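Please look through the sequence and the model below before reading on.

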Amino acid sequence: MSRMTADLTRTTKPGGAISRRRLLATGCSDAFRPPVIRGGLIGAADVLTMSTTRWLLTDQPLAREYTRADIAPDFPTWGQTNPSDEVYQQHLSEGFANWSLSVGGLVERPRWFSLDELKRLASRTQITAHVCEQGWSAIGEWTGAPLAQVLEAAGGVTPDARYVVFESADGWYESIDMFEVVHPQTILAYRLNGDDLPVGNGAPLRLRVERQCGYKNIKFVSAIRVVDSVAGIRRGTGGLSSDFGFHWYGGV
Amino acid sequence: MLISSSFGPAAGKDDFVVATDPVRSGVSTWLRLHTYNVRICHWINVIAGGYLLLSGIHIFLDFPELYWGHTGYQGYPAIFKLSDWGISWDEAGEMGNRMWGRNYHFTFAWVFLINGMVYAAWNLWTGHVRDRLWPRRDELSSARLRDELAEQMRWGSPARATATSYGTLQKVSYVLMIFIFVPVMLLTGIAQSPSIAAAWPWLLDLFGGRQSARTLHSIGTVLFVLFVVVHVLEVLAAGAVNRIRAMITGRFRVPEEAQ
Ligand code: HEM
């Protein structure tokens with residue numbers, strides 16, 4: 001097991017013990033800046049925003065968790081609500097019985113997970129507010145496998161791992177850094193409000209990264225890849241929304 | 001030609017400058033009215049404020065409804081809908097560019113914050129806030145406020161054109177702006193950020209939820225527009241060229257009537 005792997009397991013408990021110093025020591029100083037820094041005043045502001053909020057989050061607090069009574073009556077669906085991709089439609093018609101998630105890149109044992117295998121991993125349920133960068137917010141109860149657990153089940157990440165890249169069935173992609181990966185609330189959710197994840201909300205699996213805006217919470221996840229750099233992946237900014245011109249870090 | 005002035009620490013031997021005014025009677029009196037710091041911070045603030053307003057409107061138009069509490073989305077009971085005012089959801093979406101809005105809003109929020117901190121720290125330190133901005137107790141009597149309000153209503157009155165210290169209402173509005181409005185806007189702004197809300201959940205309690213913070217931030221935007229409109233009208237009424245020039249160069253030409 002690599003050092004980072006050991007950290008990953010240690011921090012899956014709430015209020016995990018990973019400290020800023022520890023992250024720095026394990027090569028996670030990326031926590032303070034996006035993988036690609038834009039030019040000009042906007043780029044400077046990006047770095048200020050990310051480093052300030054990450055500094056406030058040094059102790060890895062949990063995003064607020066609410067009670068069942070707070071759950072939104074009908075959780076909105078937004079953006080892509082049913083990918084037209086043929087393979088996806090096939091899986092959907094089979095109830096995702098033959099669907100599987102590819103986990104590759106800088107993990108010790110790249111592998112595939114069926115939905116059942118993911119459900120057999122220790123799960124986490126959290127009632128949190130989804131905050132969309134557009135302005136809306138809604139509270140829902142998410143159940144899923146902590147991302148750190150999934151990576152652990154693939155043998156753990158290698159020491160040069162810096163980002164996890166997510167691909168989706170509708171051709172989207174996003175990435176998050178290790179600071180977010182080790183957080184206990186960062187889960188691959190397969191249930192919303194106790195039911196299987198509805199198609200409109202990203203069935204069968206979506207990322208919940210509770211301390212970042214909606215656009216980082218990628219739906220219809222089909223593959224995850226651990227990398228040491230996002231350069232060379234599509235336009236190289238680390239996500240489709242940042243390829244478009246949004247800030248890669250969705251914390252505000 | 002000398003005018004008595006009660007200018008706090010800025011007063012000094014440089015305060016009165018005699019210069020030749022070729023158009024008018026030959027010689028006029030000039031006064032150093034605004035310090036470097038106040039001038040530079042003020043104009044940076046105008047640029048940042050302008051961008052914040054514009055980019056904020058862009059962000060709002062992309063989701064033109066307001067709610068109260070933690071939850072709010074299309075279909076959830078709203079307390080304000082732009083569509084009730086004749087602009088449909090789709091029309092608003094076409095007018096607003098969320099990406100541009102977010103990029104510029106957060107950039108100029110930093111400019112605004114850093115500039116504001118320099119301004120506040122500097123002017124608290126030098127006594128500018130205490131001497132020129134903070135209303136004195138005797139200024140706050142209701143009779144005096146009534147007189148000043150009546151004076152405010154007279155466009156271009158000589159007293160306003162010659163004033164070299166701020167009126168009480170002006171002081172009150174500046175102090176409210178700097179010490180109440182700006183901090184509230186800052187807090188309601190960052191309360192909407194999921195990362196800051198995770199670090200400081202008390203912000204959500206303070207405002208009653210993310211949507212409440214967004215609503216208060218939007219109400220604040222309307223108040224900001226009102227402030228700027230009144231502020232600029234006041235400047236125009238009190239001698240536009242002389243006042244704006246003074247805010248740029250620091251020098252205020254004492255109008256003839258006062259000499
Ligand atoms: C972003 C919007 C604005 C804000 C928040 C703002 C705020 C302020 C504040 C706080 C002061 C007092 C400064 C001090 O003595 O420390 C001031 C003075 C002044 N502002 Fe603005 N301002 C804004 C826009 C403008 C604009 C657009 C103009 C141009 C017409 C302007 C012209 C002036 C002038 C001439 C003074 C000096 C007033 C006097 O000598 O009586 N301001 N402003």
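## The iron site

His42(B) and His231(B) are both buried, where buried means under 20% relative accessible area, exposed over 50% and partly exposed in between (1.4 Å probe, protein chains only). Through their NE2 atoms, these residues coordinate the iron atom of the ligand at 1.9 to 2.0 Å. The two lie 189 residues apart and link distant parts of the chain: His42(B) belongs to helix H1 (residues 36-61) of chain B, and His231(B) to helix H10 (residues 210-237) of chain B. Helices (H or I, at least four residues) and strands (E, at least two) are DSSP runs, numbered from the N terminus.

The site of the iron atom is octahedral, with angles of 85 to 179° among its six donor atoms. Six donors count as octahedral if opposite donors are over 155 degrees apart and all others between 65 and 115. Donors are N, O and S atoms within 2.8 Å of the metal (3.2 Å for Na, K and Ca); water is not among the atoms, so sites may look incomplete.

## How the model is read

This is a predicted model, in which local features need pLDDT of at least 70 and side-chain atom pairs count only at pLDDT 80 or more, while totals for chains, interfaces and linings use all residues. Residues are numbered from 1 along each chain as written, chains are lettered from A and ligands numbered from 1 in the order written, and side-chain values use heavy atoms, without hydrogens and water.

## Chain A as a whole

Chain A contains eight helices and ten strands. Of its 252 residues, 59% are buried. Among contacts in chain A with a separation of 6 or more, 69% are between residues 24 or more positions apart; a contact means heavy atoms within 4.5 Å.

## Backbone details in chain A

Ala203(A) and Pro204(A) are joined by a cis peptide bond, with omega about 0°. Pro204(A) sits in the loop between strand S8 (195-196) and strand S9 (206-208) of chain A.

Phe96(A) is a residue other than glycine with a positive phi, near 60°. The loop that holds Phe96(A) runs between helix H4 (86-93) and strand S1 (100-105) of chain A. Phe96(A) counts as buried because its relative accessibility is 8%. Asn193(A), also not a glycine, has a positive phi near 50° and lies in the loop between strand S7 (187-192) and S8 of chain A. Asn193(A) counts as partly exposed because its relative accessibility is 29%.

Methods
Four donors count as tetrahedral if all angles lie between 85 and 135 degrees; four count as square planar and six as octahedral if opposite donors are over 155 degrees apart and all others between 65 and 115; anything else is irregular.
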